[in-house]
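Work through the exercises below with the sequence and the structure in view. Try each task before you read its solution.

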Amino acid sequence: MNRQPRKLVILNIVTLILLVAATLVVFLYAPMEAKMGNVQKVFYFHLAAAWVGMIGFSVAVIAGIAYLITNQRKWDIAGLAAVEVSLVFFFIAIVAGSIWARRTWGTWWTWDPRLTSAAIVELVYAAYLMLRQGIEDPDRRARFGAVYAIIAFISVPITFFSIRILRTIHPDLNQSGSGGMGLTPKMLHTLLFSLFVFSFVFADLYWHRLRLGQLTDKIEQLRLKVLE
Amino acid sequence: MLYIPYSPPPETTNYMIAGYIVILGVMSIYVVSLFLRRRKLEQDVKILEELEDQTDNR
């Protein structure tokens, strides 16, 4: 069995400790919000999960561009890993947001610009994974993946800025008053710590997913060799 | 003097618990899926390497 590198083992441990710490900070340090009650605490990990999504989709663009320039398979593996991890976290952000919305807006889902654009992002990147599987030739698949990841990224800033450009009921962190979140300093500390911790979670899972991609690539090479 | 009546925050703990179950649950499922996929791939590598050795010996 291929053992994990020492640095990855350390990252696993640090990430786990940080995740437990972030959970404790959310439950014990962050104050209860006066209008929404405890459900508001979902917001910290909801936003942090969306943050991981944004990081990963950005990494996929960089990997896509790097692949088109260098034609090296490692960039395809890097892009695929980033999209997969981000897709999982973006899904978490959408579902957690939906639970929050049920109590706050009285509905699980509404076709609000932010929610709709987030759902489109999720579907666009899910399609990336499905379409890739339909291409047999590794080089064609990698080229397709690189171009797709670059084009698909257009949907990410649209989602991010949708609450500023369009009329929406989704709260905006930067806005004060009724449309804003009205975060107290303790809430802000908790949010920033959650974002920090989830960056570690991304790095850790991304490394694991990269190793998986490298192994898949090795199998593909071995298969070709055995078939010859 | 203006009197503002105090209303306590609504009881929404169940929604918070549901939210965290989803967040930590999905993350755990993904970690398990990474582990299982890796184990399966390592078995595949082992088989393919054996096959490769056999074909090399012929």
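**Exercise 1.** Work out how H4(A) and H5(A) are oriented to each other, roughly parallel or roughly antiparallel.

Solution. Step 1: find the helices. Helices are DSSP runs of H or I with at least four residues, strands are runs of E with at least two, and both are numbered from the N terminus. H5 of chain A covers residues 138-152.

Step 2: take the angle. H4(A) and H5(A) pack at about 175°, and their axes lie 10 Å apart. Axes are lines fitted to C-alpha atoms, for helices over the stretch in contact, and angles run from 0 to 180 degrees between N-to-C directions.

Step 3: classify. Under 35 degrees counts as roughly parallel, over 145 as roughly antiparallel, 65 to 115 as roughly perpendicular, and the rest as oblique. H4(A) and H5(A) are therefore roughly antiparallel.

Step 4: list the contact. H4(A) gives A:Val124, A:Tyr125, A:Tyr128 and A:Arg132, while H5(A) gives A:Arg141, A:Phe144, A:Gly145, A:Tyr148, A:Ala149 and A:Ala152. Residues are in contact if their C-beta atoms, placed from the backbone, lie within 7 Å.

Step 5: sort by type. The contact holds seven nonpolar residues, one polar and two charged. Ala, Val, Leu, Ile, Met, Phe, Trp, Tyr, Cys and Pro count as nonpolar, Asp, Glu, Lys and Arg as charged, and the others, Gly among them, as polar.

A note on the model: it is predicted, local features need pLDDT of at least 70, side-chain atom pairs count only at pLDDT 80 or more, and totals for chains, interfaces and linings use all residues. Residues are numbered from 1 along each chain as its sequence is written, and chains are lettered from A and ligands numbered from 1 in the order in which they are written.

**Exercise 2.** Describe the packing of H4(A) with H6(A).

Solution. Step 1: H4 spans residues 113-133 and H6 spans residues 155-165 of chain A. Their angle is about 165°, with 8 Å between the axes.

Step 2: H4(A) and H6(A) are therefore roughly antiparallel. Their crossing is left-handed (the near helix is turned anticlockwise from the far one by less than a right angle; clockwise would be right-handed).

Step 3: among the contact residues are A:Pro113, A:Ser117 and A:Val121 of H4(A), and A:Val156 and A:Thr159 of H6(A). By type, the contact has eight nonpolar, four polar and one charged.

**Exercise 3.** Find which element of chain A gives the largest share of the side that touches chain B.

Solution. Step 1: count the contacts. 33 residues of chain A touch 26 residues of chain B.

Step 2: list the elements. H2, H3 (73-104) and H7 (185-227) of chain A each give two or more residues.

Step 3: pick the largest share. H7(A) supplies it, with 11 residues. The side of chain A holds 20 nonpolar, five polar and eight charged residues.

Step 4: look at the partner. H7(A) packs with H1 (residues 13-57) of chain B at about 25°, with axes 9 Å apart. H7(A) and H1(B) are therefore roughly parallel. Their crossing is left-handed.

Step 5: name some residues. Those in H7(A) include A:Leu212 and A:Leu215, and those in H1(B) include B:Leu41 and B:Leu48. This contact divides into 10 nonpolar, three polar and nine charged.

**Exercise 4.** Describe the make-up of chain A and of chain B.

Solution. Step 1: chain A has seven helices and zero strands. Its C-alpha trace spans about 70 × 40 × 25 Å along the principal axes.

Step 2: chain B has one helix and zero strands. Its C-alpha atoms fill a box of roughly 100 × 20 × 5 Å, taken along the principal axes.

Technical notes. Contact = placed C-beta atoms within 7 Å.
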